Amino acid sequence: MFAGRDLACVSVLTVAAAALYAFYSCVTLARFRAGAYDLVIFDQAIRSYAHFQPPVSMLKGVHNGFGPGFSVLGDHWSPALALLAPLYWIHDGPVTLLIAQAVLLALSIPFVWAYAFRASSAVTAAGRRVAYPVAVAYALSWPITEAVAFDFHEVAFAPLLTAAMLERYQAGRRGAAVLAGLALLLVKEDTGLLLAGFGLYLLARRRDRRVGALLVVGGVAATLVTTRLLIPHFGGRAGYYWAYWTLGPDLRRAAVHAVTRPGDVVALLADPPLKLRTLVLTLAPVLFTAVLSPLGLALLPPLLERMLASTYPNWWTPRYHYTAFVVAVVFAAGIDGALRAAARFPGRSGRLVRGWALLVLAAALALVPFFSFGALFTPSFHAETARTRAAGRAVAAVPDGVLVEAAGSLAPALSPRTRTLLWDRTPRGAPWVVADVGAGSFPFGSVHRQIARVEALLAQGYRVVFREAGYVVLTRP
């Protein structure tokens, strides 16, 4: 598949993408724009793995009422994160996660290139003129960039495994494709729906219907088992992320409602209208040709999971990492759909596909300024300011090894060397507090509430040891 020159070119593209992703993430961290949710949660969990302990996140457990010994496996079923633990033996800290995520996301690019090259070579001798624009467009696509921009998440594994599953299946290596799909089940509890979606695609192909049926059943069953059995076993609650209250209070009643009143299901897909915008943006990177491919069936379960929700609005907005779970499927289906459309014009199919690939690249470049990577072109993204310098001094004022409640933007800098909790609206009694009254901080609703929280701490006997540019460090015996 990869000739010598192609191997070099694709390797350069992959390394360049990884460097770009890592640069963006590390600048975000250095300028105190990363957050405790969720970077510190994963940092604490993987540090626990690195010490051969359960993946405990004290910050997550205390803030959400599960207790300081809470395992993140009780939040999301993501045992794949344990693979990152050895990296903490080399460097212990959030920057390790950000660089690892950059590499994992970039490693999906060769599989996308190979898929595009193999598919387009069937209709044009210049398959490389399709594969390279598509691979670059994928590397710069908004679902990937938004995953990079939202600190670190388990989604880092999903594009690589999904792209490998699709490319290996296309290459006729069905066993390897199934193995990659099964590995997805270790990424998050709902990736079983993505595997089930791949099964739906196989059901549409006569020769693989038996495997497809097994993947549909197995994917749905895996999601149910992880949600109802494994997550509660590790201290979580089966219904913690139930988001379908408009349809019913549990799966059985929601399913009955959906079957008996399908109009309500359709209405939910556009309520609020932002859901439709996200759906459009999901298909826009491939100019909507994914709808022309049977592979588009693989998108249905994971997208319906998000768009039928009536709570957790982050699920249906494009500004987070959720669409990165399906971005490899979108591009693979888009390639297949474009080829199917071009096949209707036998004399011009090659030219049409090459033109489509160039338009896909142009669309990716045009969308960059409207998403998080647009900040790379603004001086303020890179600049060190009085606030960032003060943040560094505030963090330095906290001794090593202490228990500290930290504002969300400061917590990642403290997590490697302290026992870090989130500074929130509930008094925790930690001997050290690092507060921010200069800008809004999660989970407070306003700066006024943050100021009131600091005043309450002073009334409880805390004293100020540092105050600058809106940052306040307090301690008490």
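Where does UniProt place the feature "transmembrane region"? The unreviewed UniProt entry gives residues 95-116, 176-204, 210-231, 279-300, 320-343 and 355-377; UniProt positions are in the numbering used here, feature names are shortened, and annotations may be inferred rather than shown by experiment. The structure is a predicted model, in which local features need pLDDT of at least 70 and side-chain atom pairs count only at pLDDT 80 or more, while totals for chains, interfaces and linings use all residues. Residues are numbered from 1 along each chain as its sequence is written, and side-chain values use heavy atoms, with hydrogens and water left out.

Two of the annotated spans can be described further. Residues 176-204 are 76% helix and 0% strand, with end C-alpha atoms 20 Å apart. Residues 320-343 are 67% helix and 0% strand, and here the end C-alpha atoms lie 36 Å apart. Helices (H or I, at least four residues) and strands (E, at least two) are DSSP runs, numbered from the N terminus.

The interior comes next. A nonpolar core is a set of buried Ala, Val, Leu, Ile, Met, Phe, Trp, Tyr and Cys residues joined through side-chain atoms within 4.5 Å; buried means under 20% relative accessible area, exposed over 50%, and partly exposed in between (1.4 Å probe, protein chains only). The largest such core has 104 residues, and those with the most contacts inside it are Tyr-21, Leu-84, Ile-109, Val-134, Phe-152 and Leu-295. Helix α17 gives the most to this core, with eleven residues. Apart from it lies another core, of 25 residues, among them Ala-394, Val-404, Phe-466 and Val-473. Leaving aside residues up to four places away in sequence, Tyr-21 touches Ala-102, Leu-105, Ala-106, Ile-109, Ala-139, Ile-144, Val-148 and Phe-373, where contact means heavy atoms within 4.5 Å.

Helix α17 (residues 327-342) also takes part in covering the buried residues of α15, together with α8 (142-149), α14 (262-268) and α16 (300-307), among others. Within α15 (residues 274-283), the buried residues are Lys-275, Thr-278, Leu-281, Thr-282 and Leu-283.

Two packed helices are described by the angle between their axes and the distance between the axes. Axes are lines fitted to C-alpha atoms, for helices over the stretch in contact, and angles run from 0 to 180 degrees between N-to-C directions. Angles under 35 degrees count as roughly parallel, over 145 as roughly antiparallel, 65 to 115 as roughly perpendicular and the rest as oblique.

Helix α7 (residues 128-139) packs with α18 (residues 349-367) at an angle of about 20°, the axes being 8 Å apart. The two helices are therefore roughly parallel. On the α7 side the contact includes Arg-129, Pro-133 and Val-134, and on the α18 side Trp-356, Leu-358 and Leu-361 are among the partners. The crossing of α7 with α18 is left-handed; a crossing is left-handed if the near helix is turned anticlockwise from the far one by less than a right angle, and right-handed if clockwise.

With α17, helix α7 makes an angle of about 155°, and the axes are 11 Å apart. This angle makes α7 roughly antiparallel to α17, and the crossing is right-handed. Val-134, Ala-137 and Tyr-138 of α7 meet Val-327, Ala-328, Phe-331 and Ile-335 of α17. Helix α6 (residues 109-120) packs against α17 as well, at about 15° with axes 10 Å apart. Helix α6 is thus roughly parallel to α17, and passes it in a right-handed crossing. Here Tyr-115, Ala-116, Ala-119 and Ser-120 of α6 meet Ala-332, Ile-335, Asp-336 and Leu-339 of α17.

Some backbone details remain. Most residues other than glycine have a negative phi, and most peptide bonds are trans. The bond from Tyr-37 to Asp-38 is cis, with omega near 15°, and Asp-38 lies in helix α2 (residues 36-50). The bond from Asp-271 to Pro-272 is also cis, with omega near 0°; Pro-272 is in the loop between α14 and α15. In the loop between α15 and α16, Leu-287 has a positive phi of about 60° and is partly exposed at 31% relative accessible area. Phe-288, in the loop between α15 and α16, has a positive phi of about 70° and a relative accessibility of 38%, so it counts as partly exposed.
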